[in-house]
Amino acid sequence: MEAPIMMFDRFVRFAVERAKLHTSLSPVPALDKFRNLKSKDEKTVIGTVSYQAPKIRLLRGLSIDAVGSGGIHVLDLAVFSKPEFDLPIFCANCFTTPRISIVVLDLNPLYNTVEQRDYKDKYYNHLLPLSQKYSKLLPWGQEITSESIQFFSPVVIWTKYASNASQHEVLYSAFVDYFEAWMKMMDEANEEKDPAKILRNRNAQHLYLTWRAQKDPGAQILKKSLVGEHTAEDVVRNFLFYGVDCMRQDKTFLDYFPEYQLEDGSVSKKRSIAGKSFKTRPWDQNGNFIA
Ligand code: BLA
């Protein structure tokens, strides 16, 4: 068998090695069973990593490299802090075919950066120069749904480009810089002691997990071609967005996003209700939302 190119392997290795320099990583026993995920076909390699640390609830990564299936490569790496911290969520999502690369790289905010100015000032203002540098090299990926925008920060890198090696290098460098920025935030973060604020952080993270567990564009691919319907569901809810079923049990997707409810009470399969917009980057140089 032709060996697939492990396109995002070094991204994951960098993240784990770098995290080890900043903190002490340990395994997440509940996620052990995802260590050796196998695809349905034998031409696809799936790699997973998962860790926790004193300030990290979950650092997990999924990479997919296929020889068949049109040669797709996927990276989905995220870091979620413990609810005692209001840290943004590190989010690196790349989907690559021989033709096109689709990328979201961000420190997704736990709180709305328009309504909570202090949150924006605290976590994003110092990163605006970094974001400006990369927004030139990795230009805005054109229209995107309003639903996704609300989970993005003023420093998000949302880009689509014709796959090529030099852009891939730029992406690696952006990934390194953004990951390091998150780690620095973690180093500096102080533990919250107020139970009401901890609960608020927990709830905010749960809303995010609920959105992504239900609407992640990757879920379809996982279901159809890679691991099959049942395993895909398990991977999405209990690995990628682990916590969605245990951090909070009194809120469902439709409680948070009632506009997705169909007449028979089920959840609409549509990715977006509001539709796509934001042809250009909707934040100005100061990170103010201008759409
Ligand atoms: C496409 N992935 C996309 C798009 C976005 C994201 C914005 C463009 C299409 C769209 O607007 O839906 C990613 N969207 C995000 C992220 C957030 C969000 C990170 O709202 C966070 C809040 N992607 C994966 C994995 C796979 C994958 C694991 O992360 C595959 C296993 C695939 N992403 C994938 C594919 C597309 C895509 C196939 C293009 C097809 C499509 O648009 O449906």
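How far is an oxygen atom of the ligand from an N or O atom in the side chain of Asn-93? The distance is 2.4 Å.

The model is predicted: local features need pLDDT of at least 70, side-chain atom pairs count only at pLDDT 80 or more, and totals for chains, interfaces and linings use all residues. Residues are numbered from 1 along each chain as its sequence is written, and side-chain values use heavy atoms, without hydrogens and water.

View 1. For Arg-271, a polar side-chain atom is 2.4 Å from an oxygen atom of the ligand. The protein buries 87% of the 850 Å² that the ligand exposes when taken alone (Shrake-Rupley method, 1.4 Å probe).

**View 2. The shell around the ligand.** The ligand has 20 residues around it (a heavy atom within 4 Å), and Asn-93, Ser-148, Pro-217, Gly-218 and Arg-271 come nearest. By class, 13 are nonpolar, three polar and four charged; Asp, Glu, Lys and Arg count as charged, and Gly is among the polar residues.

**View 3. Elements that supply the shell.** β4 gives the largest share, three residues. Elements giving two or more residues include β3 (73–81), α6 (195–215) and α7 (218–226). The protein chain has nine helices and eight strands (DSSP runs: H or I, at least four residues; E, at least two).

**View 4. The protein chain.** Along the principal axes, its C-alpha atoms fill a box of roughly 55 × 45 × 45 Å.

Key. Polar contact = N/O pair within 3.5 Å; in protein donor to acceptor, adjacent residues only side chain to side chain.
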